[in-house]
Amino acid sequence: MKLTDFEALTFDCYGTLIDWETGIWNALQPLVTQTGRQIGREEALVEFSEHESAQEHDTPSLRYDQLLSATHARMARAYGVRVIADMNIRFGGSVPDWPAFTDSAEALAYLKRHYKLVILSNVDRTSFASSNKKLGVTFDAIYTAEDIGSYKPDAANFDYLVRHMASDLGVAKDRILHTAQSLFHDHVPAEAAGLARCWINRRGEKGLGSGATKAVARMPKVHFEFPTLAAMAEAHRKTAG
């Protein structure tokens, strides 16, 4: 199997193209300060991962900005902190402030010359539109949790992806390479869906666990692994000659 075997790359966005961990950590600062405790970045991200995934499971039709607000409220309760509703709302609206990884725009520009590029993201369309401006490319299709009515890792999101890739873009499942950072949200369900998988292992050098995504019970098989999207683009360049 080679990178050049595929017609389309389907991307998770947050954690893969957008540095959501930095964005989340920055947006959590008012809450962290209010706890009066020394809470480190990794501790806060793990706490976020537990509450966000639980909220996605409990309220799969809730728009993502509202889901983030609810997640923030859950974290405040877990920390034993009383916060005003406005703090929850501000956190929910923080996605436009989350930075892109420094390699994302250039790597996407290169990959766009060789593939159809598609987003499959646990986000709402308004929030993604702000992130898209940082990425600098026009995606061939954008499929969000708001469109689908559920959140990854729900199998429905990957069924929706496969069906719409065929009907909207004429791309068969065996011509799709799902490209993502999160094992929990993406690689485990993509494996179950029978999609080829490329892991952008942006936390590989940290050696600190899964961060803002829940840990998985077992390591799914991946067909390709790169530390950054730039490394993936360079590998394609070498393969294509």
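## The sheet and a helix pair

Six strands line up as S3-S2-S1-S4-S5-S6 in an open sheet with parallel pairing (strands are DSSP runs of E with at least two residues, helices runs of H or I with at least four, numbered from the N terminus; two strands pair if DSSP finds at least two bridges between them). This is a predicted model, in which local features need pLDDT of at least 70 and side-chain atom pairs pLDDT 80 or more, while totals for chains, interfaces and linings use all residues. Residues are numbered from 1 along each chain as its sequence is written, and side-chain values use heavy atoms, without hydrogens and water.

S3 and S6 sit at the edges, each pairing on one side only. On average, neighbouring strands are turned by 20° against each other, direction ignored. Within the sheet, S4 and S5 run parallel and are joined by four bridges; threonine 179 stands opposite cysteine 198 in S5.

Now for the helices. The axes of H6 and H11 come within 8 Å and cross at roughly 30° (axes are lines fitted to C-alpha atoms, for helices over the stretch in contact, with angles from 0 to 180 degrees between N-to-C directions). The two helices are therefore roughly parallel to each other, a term for angles under 35 degrees. The residues in contact (heavy atoms within 4.5 Å) are these:

| Helix | Residues in contact |
|---|---|
| H6 (residues 104–112) | Ser104, Ala107, Leu108, Tyr110, Leu111 |
| H11 (residues 229–240) | Leu229, Ala230, Ala233, His236, Arg237 |

The residues of this contact divide into seven nonpolar, two polar and one charged (Ala, Val, Leu, Ile, Met, Phe, Trp, Tyr, Cys and Pro count as nonpolar, Asp, Glu, Lys and Arg as charged, and the others, Gly among them, as polar).

Methods:
Parallel < 35°, antiparallel > 145°, perpendicular 65-115°, else oblique.
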